[in-house]
Structure formats: structure tokens, C-alpha cells
Amino acid sequence: MKRLWLIALACLLLIVPAAHAQETPTLPISPTLQTFVNGLENYARETRQLDELNDFQRLFPTRADAIGYILGLYEEEFTPEQAADAAQFYIAFDWLEPGADYLGLYLDLLGSQVGGFYEPETKQLNTILLGGGDLGDDLPLMEQIIHVHEYTHALQDQHFDLVTLQESVQDNPDAALALVSLIEGDAMSVTNAYVMSVSERDPIGTSLRLLAQGAQTGTLTIPPGVPPIIEAELLSPYTIGLNFVLDLYENGGWDTVNAAFANPPTAMSQVLHPQKYIDGIAPVEVTLADAGLLAEEWSLVTESTFGEFYLREYLKNQLGNSQSNNAAEGWSGDQFAIYRSTETDALAWVLKLAWENSAEADEFTAAFAEFGTSRFADAAPVDGCWSDEIDALCIAPDGDSHILAQAPTLELAQALIASQQ
């Protein structure tokens with residue numbers, strides 16, 4: 001399946017089919033506004049030290065038109081069955097309840113938060129007028145920030161070919177999120193510099209304008225009821241990615257950041273701990289044995305790399321942020337597989353984790369003991385397994401690695417563990 005990412009401020013990279021040129025209405029630009037926009041783009045080029053190599057289309061759609069356009073792309077790509085399949089990853093690891101519509105939740109959040117996006121496939125930069133109304137001779141502050149951010153993505157695309165980069169990681173959620181973090185962190189570094197430059201001239205007025213416009217448009221806060229995993233996926237590339245890029249910049253300036261696009265981080269562990277990337281510490285390869293014991297009743301839903309980011313978020317289902325982050329920090333590599341029953345639609349999974357050393361493995365063992373006991377209402381484990389009338393969860397430590405499994409029955413969870421030993 002060929003995919004396109006819309007690079008957006010206030011939303012994660014959206015994965016949709018190859019897009020066609022936008023046909024939604026866009027507002028006309030006056031010569032005075034064009035001069036104003038040119039100033040924003042000059043700032044971005046000078047700050048990022050990248051030249052504009054090719055022309056591209058600048059659009060100023062209304063928010064309603066932009067959201068309608070994006071939703072239309074998703075409707076063209078995903079059947080209800082495909083959307084349900086996409087949710088299985090989140091349901092299997094306890095982030096969403098069975099039957100939850102991950103894609104619908106994601107698009108609802110997108111509709112409330114998106115402020116602009118750049119499409120590498122169509123070379124279109126969209127800056128949305130968040131407050132509605134007509135285009136004047138300049139842009140409100142929030143739209144200025146968005147335009148600088150999205151213009152930086154256009155420069156990235158011209159110099160580093162974002163389409164080719166995205167295609168290289170589309171089957172690995174951990175590597176994909178690491179790449180997104182590089183892309184968004186880079187754009188955020190320029191965005192933050194622009195905000196600081198405006199604030200230096202008028203610090204109080206800048207803060208008040210941002211707060212007022214954010215309150216008016218609802219783009220400064222995440223709406224209530226958004227599942228934590230979706231919020232984490234959306235925000236982390238901007239926050240963690242910014243820290244990653246700043247560390248690269250401090251290590252060697254823009255040349256080091258540019259080099260990262262030629263050799264992107266391959267795992268979120270390198271983004272979360274930039275020194276690992278700088279030192280060339282890559283994740284180890286982990287493979288799963290064929291779990292043939294599942295026979296014909298079970299079909300493979302997906303098999304890929306989980307990664308430190310998703311491991312942290314999984315642990316946060318039962319543990320605090322600090323404990324979860326510390327327990328996942330020694331991650332060195334993994335592989336997971338999710339299976340679905342063709343008879344009941346129940347899910348089962350197995351995850352094989354490798355650690356940097358035995359001390360990190362021991363720390364995870366202790367944390368996961370608390371995780372399992374909390375998840376199963378203070379029940380004590382029996383031979384490394386917790387179970388109730390709904391499902392079972394098992395862990396098998398093995399030196400510097402672990403095997404985890406969850407299934408509808410204790411027997412199946414234990415069999416999944418045994419299949420990997």
C-alpha cells in the first residue's frame with residue numbers, strides 16, 4: 001500500500017494514500033500578504049540554513065475545507081474492515097477497549113487540533129485560518145508560527161526527500177515514530193526560534209496573543225476524553241523530537257542535523273537517548289519463532305518492532321510515568337506478534353525483549369511484577385503468570401531478555417511463552 005504523510009503542526013504525521021492535488025477552495029493572497037509571507041519564509045531559510053530549491057504551492061484553506069479534504073483522503077483509503085484491523089494493536093496492548101475505533105478517535109482529535117500541513121506527494125503547503133474570516137495583509141500570530149513550521153517541512157522535503165524516507169519505515173512503527181520525531185523536532189527548532197524572536201520584541205503581548213488565539217480556536221489544549229496513547233503519539237514527536245534535534249545541533253550544528261536525515265534514527269530509543277544515536281548504538285535484531293501451536297483458529301494480525309516508546313506507554317497503563325520510563329530505558333531490541341481468533345475475534349500476543357545488560361533486565365522484572373499484580377487486581381503471580389476469567393499474562397525472564405505473552409486463557413499464554421524458548 002503506497003502511503004503519504006501530511007506533515008502537520010498540532011497533529012502527528014498522517015498516514016494516508018497517495019494524494020491528488022487539492023481541489024478545495026483556497027483564499028486569495030494580496031501582494032502585501034505575499035510580501036509578509038516572504039518574510040516568514042526568509043526567516044525560516046536563514047534560521048535553518050537551507051535554500052529553497054524548487055517551487056511549491058502555498059494554500060490558505062478554511063479550517064472546514066482542510067478538515068474535509070483530510071477526512072476524504074482517509075475515507076478513500078480505509079474500508080471499515082481495514083480501520084478495525086488498525087485498531088487491533090491498541091486493543092491488544094490495553095490502550096483501547098475491544099471494539100474501539102482508533103481511526104475515528106484519531107480523526108476526531110485531528111479535526112479539533114490541525115492548524116496546517118504539508119504534503120510531500122503533492123508539494124502543497126496548507127496554512128489554515130484558524131479563526132475563520134478573510135485573509136488580510138498579514139497573518140495572525142498562530143498562523144505565522146504554523147506557516148514557519150510547515151515551510152520548514154517543505155525545505156526538508158526538497159533537500160531530504162520525505163517521501164522516500166517515509167517509505168523506508170512504513171512497516172515498522174518504532175522506526176516510523178523515530179523518523180517522525182526527527183522531522184518534527186527539526187521543524188520545531190525553527191518554530192521555537194521564530195516564537196522567541198517575536199517574544200523578544202513584545203514578550204507580554206506575544207503571550208497574550210497566543211493564549212487568546214489558542215483559547216478561541218481550541219488548539220492549545222487536547223480535548224477531554226482523548227485516550228492517553230493517542231495524545232502521546234501526537235505530542236511526543238514534537239517534544240521528544242525537539243530535544244533530540246537540539247542535542248544533535250549542540251553536537252555539530254546544522255550539518256549534524258542534516259546528516260541525520262541521510263542516516264535517520266532506526267528506533268525511538270535513539271531519539272529518547274540521543275547519545276545512543278550519536279554513538280551509533282543501534283537496536284539488536286530480535287526474531288520470533290513460528291507460533292504454530294495456534295493452528296487454524298488463530299491468524300496473524302501483525303508482527304513488528306514494539307520499541308522503547310510503546311513499551312513505556314504500555315507500562316503506564318498500570319505504573320507511574322517515572323517507573324515506566326526507568327523500566328523501559330534499558331531496551332535494546334524486540335519483536336512482537338499479535339494474533340486474532342477467527343472464531344471469537346479474541347486477541348493474543350507475544351513479545352520478546354532484549355536488554356542492554358542483566359541489571360536493566362532485573363529492573364524490568366521487578367517493575368513488571370508490579371504491573372501484572374496491578375492489572376489483575378492485586379492477584380499474586382503463579383509461575384510468572386497472572387490470570388482471571390478474562391485473560392492471562394505471563395513473563396519469562398531469560399538472562400538479558402524476556403518473553404511476554406497475553407492470551408484469553410492461561411494455557412495459551414503459557415504455550416506462547418514456550419514457543420519462544
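Predicted model: local features only at pLDDT ≥ 70, side-chain atom pairs only at ≥ 80, totals over all residues.

Author: Residues are numbered from 1 along each chain as its sequence is written, and side-chain values use heavy atoms, with hydrogens and water left out.

Reader: What percentage of the residues of the chain count as buried?

Author: A residue is buried under 20% relative accessible area, exposed over 50% and partly exposed in between, with a 1.4 Å probe and protein chains only. By that criterion, the buried part of the 421 residues is 53%.

Reader: Which orientation do helix α2 and helix α4 have, roughly parallel or roughly antiparallel?

Author: Helices are DSSP runs of H or I with at least four residues, numbered from the N terminus, and their axes are lines fitted to C-alpha atoms over the stretch in contact, with angles from 0 to 180 degrees between N-to-C directions. The axes of α2 (residues 63–77) and α4 (residues 102–113) come within 10 Å and cross at roughly 160°. Angles under 35 degrees count as roughly parallel, over 145 as roughly antiparallel, 65 to 115 as roughly perpendicular and the rest as oblique. The pair α2 and α4 is therefore roughly antiparallel.

Reader: How many nonpolar residues does the contact of α2 with α4 have?

Author: Contact means heavy atoms within 4.5 Å, and the residues involved include Ile67 and Tyr74 of α2 together with Leu103 and Gly111 of α4. Ala, Val, Leu, Ile, Met, Phe, Trp, Tyr, Cys and Pro count as nonpolar, Asp, Glu, Lys and Arg as charged, and the others, Gly among them, as polar. By class, the contact of α2 with α4 has three polar residues, one charged residue and, as the number asked for, eight nonpolar.

Reader: Which residues is glutamine 318 in contact with, leaving aside its neighbours within four places in sequence?

Author: Glutamine 318 lies in the loop between α12 (307–315) and α13 (321–328), and at 29% relative accessibility it counts as partly exposed. Its C-alpha atom is separated by 8.2 Å from that of glutamate 370, 52 residues apart along the chain. Leaving aside those sequence neighbours, the contacts of glutamine 318 are Phe371, Ser374 and Arg375.

How values were computed: Helix = DSSP H or I, 4+ residues; strand = E, 2+ residues; numbered from the N terminus.
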